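Grab a pencil and keep the viewer open.

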Amino acid sequence: VVCKRYELDLIVPPNPITTLEETICQGESYYFFGTYLRESGHYSKFQNCKTYELDLTVNPAPPLRCSDDTLIVYGNQVELIASGADTYIWSTGETTESIIVSPKTDKTYSVKGFTNVNGCYKTVSVTVKVKNFEDEVVMFPNPASDMVEINISFIDEVEVFNLLGERICHIKANHEAVNLDVSKFPAGIYIVQVKQMKNFYVGKLIVGH
């Protein structure tokens, strides 16, 4: 029996590496082999006999801000102001920093702010609530000529507006009732707005002398 010796030189092919560089905006995610990535960093994944190296950059979105939710009396208008971005697109189609709106019912407006540095954007919204001349606030007497008692469960502030939308009276309060002196008000119709915590109530007051 003749024995033979066999020698084998095994050559292992190098592990293929695929390098990726990707950029996303803050608030977005990048799908990387079953994982949603949202932070800048270096990521590695071995898949199907290959190694994938990813350098992910997350660019910041602009610090977009907008007016707070507000309340208006039916027929009036309000200015909504955005800031913190380079360019803007409102849900109304306008591209200015501010818009003037006069909705007939409660309405939410959104604005998208872009940064010119990396094209990233952020969207915020503001709601305008509209009150009609409904007597949600109990006022007695009404019509009145001198003193009016305003009643609601708790009152933080009372504001009185004329029909032009001009504020003619402002009372800070923390009571269940406020006495309003209208003896010096010109005869006419006024809008009384009562703030209760984050809620607003509106009533129509008639002054006659």
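Buried means under 20% relative accessible area, exposed means over 50%, and partly exposed is in between (1.4 Å probe, protein chains only). You're working with a predicted model, where local features need pLDDT of at least 70, side-chain atom pairs count only at pLDDT 80 or more, and totals for chains, interfaces and linings use all residues. Residues are numbered from 1 along each chain as its sequence is written, and side-chain values use heavy atoms, with hydrogens and water left out.

**Exercise 1. Work out how F33 and Y52 are arranged, and where each one sits.**

Step 1: Rings of Phe, Tyr and Trp (its six-membered ring) pair if their centres lie within 6.5 Å; planes under 30 degrees apart are stacked, over 60 edge-to-face, and the rest tilted. That rule gives five aromatic pairs here.

Step 2: apply it. The ring centres of F33 and Y52 are 4.7 Å apart and their planes are at 45°, so this pair is tilted.

Step 3: Strands (E, at least two residues) and helices (H or I, at least four) are DSSP runs, numbered from the N terminus. F33 is in the loop between β2 (30–32) and β3 (35–37), while Y52 belongs to strand β5 (residues 50–59), so the pair ties together parts 19 residues apart in sequence.

Step 4: check accessibility. F33 counts as partly exposed at 33% relative accessibility, whereas Y52 is buried at 17%.

**Exercise 2. Describe the hairpin of β4 and β5.**

Step 1: count bridges. Two strands pair if DSSP finds at least two bridges between them. β4 (41–47) and β5 pair in the antiparallel sense over seven bridges, and Q47 has K50 in β5 as its bridge partner.

Step 2: inspect the turn. The hairpin has two residues between its strands, and N48 takes a positive phi near 55° there. C49, also in the loop between β4 and β5, has a positive phi of about 65° although it isn't a glycine.

Step 3: check accessibility again. N48 is exposed at 65%, and C49 is exposed at 59%.

**Exercise 3. Find the strand order of the open sheet of three strands, and work out which strands stand at its edges.**

Step 1: the order reads β6-β8-β10, with antiparallel pairing.

Step 2: β6 (65–66) and β10 (98–101) stand at the edges with a single partner strand each, so one side of each has no neighbour in the sheet.

Step 3: zoom in on one contact. Two bridges join β6 to β8 (residues 78–83), and S83 in β8 is the bridge partner of R65.
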